[in-house]
Amino acid sequence: MVDTVSALGLTIVIPTKDLAGMLQYCLEHLQRALKVASQFEPCVVVVDNATEIPLLEKDLPSSSSPVHLIRFDIPASFAEANNTAIRRYPNAYYLLLNNNVLLAESALADMQRLLEESPNAGLCGTRLISPDGTIQHAGIVFGPGDIGPYHVSRGQPSALVSRLNGEFQAVTGACLLIRQSAWDDLGGLSGEFAFGLDDIDFCLRARQKGWRVCCSCRTDSLHCESMTRGSDKPDKRARRVFMNTWRGRYAIDGQG
Amino acid sequence: MKLSCIIHTRNSDETLDKALDSVAWADEIIVVDMESTDSTRAIAAKYTQRILSTPIVPRVDGIRQQFLAEARHDWIFVLDSDEYLAADAQANVTTLLEQYGTRYDAFAIPRFNSIAGQIMRGSGWYPAPQIRLFRKGTVRWPDANHQLPEVITGRLLELEPPACLHIHHRNYEDLRHFIRKQLDYALNDRYEPDPATFDFSSYIARAYQNLATHQDTKHDGDLSHALATVMAWDAVMRGLIHWDSLSPKPPLAMLTGLPVAAGNVPLWRIRFKKWLGSRRSTRFVLHSVMYRMGWLSRGVRKTLSR
């Protein structure tokens with residue numbers, strides 16, 4: 001348990017299942033990014049989400065700070081994994097990080113700067129690319145009708161997409177920096193979205209409470225997205241649950 | 001349904017915090033301490049007021065049995081001080097009791113054992129179900145060391161890995177620790193006092209069997225060789241310790257015992273044991289059938305209906 005919350009304490013939550021090799025590189029890149037973002041006092045929490053052979057603390061690389069491990073025996077939802085970790089290790093900032101994201105060196109520092117510049121920005125995502133060099137995430141926009149939320153510029157070569165930091169209705173939870181006051185305001189991720197899209201729900205709820213959501217686009221971090229789910233098709237059930245809740249309650253800022 | 005958790009300790013200050021933290025959600029925590037001289041009691045006091053004392057005894061299972069009566073609630077979880085539960089244990093236990101609590105009295109929970117910094121996956125080590133969650137009064141431990149208790153009613157549900165409640169056990173830091181503990185258990189075990197029943201070759205046979213059934217390099221690598229060798233050695237040592245405790249001493253007949261014993265373990269039995277490795281529940285199913293057919297201890301039934 002973290003007893004005192006320092007002004008720049010950062011809890012990094014990495015839920016992981018069965019990708020032990022990937023996790024090692026994820027943690028190594030995280031350590032590098034933390035070195036650049038040295039203003040933070042980091043607390044790394046790995047949530048072992050029912051990995052077949054449980055992870056052991058001693059097998060996780062940790063250069064500066066100790067890595068805490070939380071074990072689930074039965075796979076928990078993304079929301080539950082993150083909420084449990086954050087309940088245990090409260091801090092001034094939270095970073096939700098997927099185990100298949102390799103952070104760019106200055107990604108974390110850039111995200112923090114964005115939040116610092118505008119006090120009413122509560123959440124900040126970052127630009128992610130796929131292994132083939134195309135955009136995986138650079139903000140999420142919403143199309144009309146049944147289209148709903150989708151990743152803007154997805155599949156375009158990264159070099160062709162503007163590096164201007166942007167403001168969006170939603171960003172991905174694969175790598176998401178959150179201010180504690182925003183997290184507490186919303187009571188964490190919602191467990192209703194058991195099949196996904198809980199990150200978008202989180203962003204939309206944040207905006208309802210007056211928090212701005214931004215995306216740092218200066219750097220490209222690598223996101224090996226399809227590795228975890230085995231497919232990069234969005235889950236149909238997730239979409240149905242999401243649309244039932246949110247249809248008509250977001251602005252249409254995407255294409256028809 | 002309310003739950004009492006009983007934790008047995010003896011100089012456990014290194015691991016106890018984690019164990020207690022993982023069951024802090026229980027409705028009642030009872031720590032049964034065996035004359036600890038370190039900070040065990042101070043750590044326990046952070047989590048519970050019910051710290052009971054017991055003198056040091058060589059066999060822990062008898063103590064487990066004795067202190068079951070202290071539980072105030074219907075369901076009991078028995079945890080060792082070097083074990084812990086996962087973060088979702090509360091939800092999983094609650095679900096188990098809600099779903100199966102009326103049909104079963106006890107649950108066999110698979111356990112992850114970590115030996116010399118490695119989590120064991122091979123035969124004999126995993127899932128190695130432990131009967132630790134049960135209704136008060138339905139389970140009886142023999143006076144031994146780390147044996148499975150008897151489920152008096154036979155209504156035992158064995159949980160199916162992988163996605164189920166587990167016990168996480170940090171057993172042994174290294175091989176030396178393992179050898180020391182094995183020898184400790186062997187020296188303190190109870191042995192049949194009648195010299196007429198002593199047969200050294202049966203110990204040798206068990207040594208062969210241990211060697212054959214505990215080797216699983218596919219899952220555990222070289223460590224499984226090492227552990228299987230220790231287990232075989234353990235069987236032989238137990239034979240000698242048993243012999244040493246008898247009076248008058250029967251003949252050891254070791255030289256003739258060796259080859260005879262090897263023949264006593266036919267290959268099919270080893271294969272069967274290996275196959276059975278992950279299917280131990282067969283035994284409990286049999287137990288349950290026998291109970292229902294009325295072949296099993298009528299006295300026990302009476303006790304239950306009372």
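Begin by selecting A:Phe40, which at 5% relative accessibility counts as buried, where buried means under 20% relative accessible area, exposed over 50% and partly exposed in between, with a 1.4 Å probe and protein chains only. This is a predicted model, in which local features need pLDDT of at least 70 and side-chain atom pairs count only at pLDDT 80 or more, while totals for chains, interfaces and linings use all residues. Residues are numbered from 1 along each chain as its sequence is written, chains are lettered from A in the order in which they are written, and side-chain values use heavy atoms, with hydrogens and water left out.

B:Tyr100 is partly exposed at 26% relative accessibility, and B:Tyr104 is partly exposed at 22%.

Back in chain A, select A:Tyr94, A:Trp183 and A:Phe202, which form one aromatic cluster. A:Trp183 and A:Phe202 are also among the residues that touch the most other members of the largest nonpolar core, a set of 43 residues; such a core consists of buried Ala, Val, Leu, Ile, Met, Phe, Trp, Tyr and Cys residues joined through side-chain atoms within 4.5 Å. A second, separate core has 41 residues, including A:Val101 and A:Leu177.

Finally, show both chains together and look at where they meet: the contact (heavy atoms within 4.5 Å) takes 14 residues from chain A and 15 residues from chain B. The area buried between chain A and chain B, that is, the accessible area (1.4 Å probe) that the two parts lose on being put together, summed over both, is about 1300 Å², of which carbon and sulfur atoms give 59%. Select A:Arg71, A:Asp73 and A:Ile74, which supply 41% of the area that chain A buries against chain B, more than any other three residues. As a last stop, B:Lys18 forms a salt bridge with A:Glu57, their closest N and O atoms being 3.7 Å apart, where a salt bridge is a side-chain nitrogen of Lys or Arg within 4 Å of a carboxyl oxygen of Asp or Glu.

Definitions and conventions:
Rings of Phe, Tyr and Trp (its six-membered ring) pair if their centres lie within 6.5 Å; planes under 30 degrees apart count as stacked, over 60 as edge-to-face and the rest as tilted.
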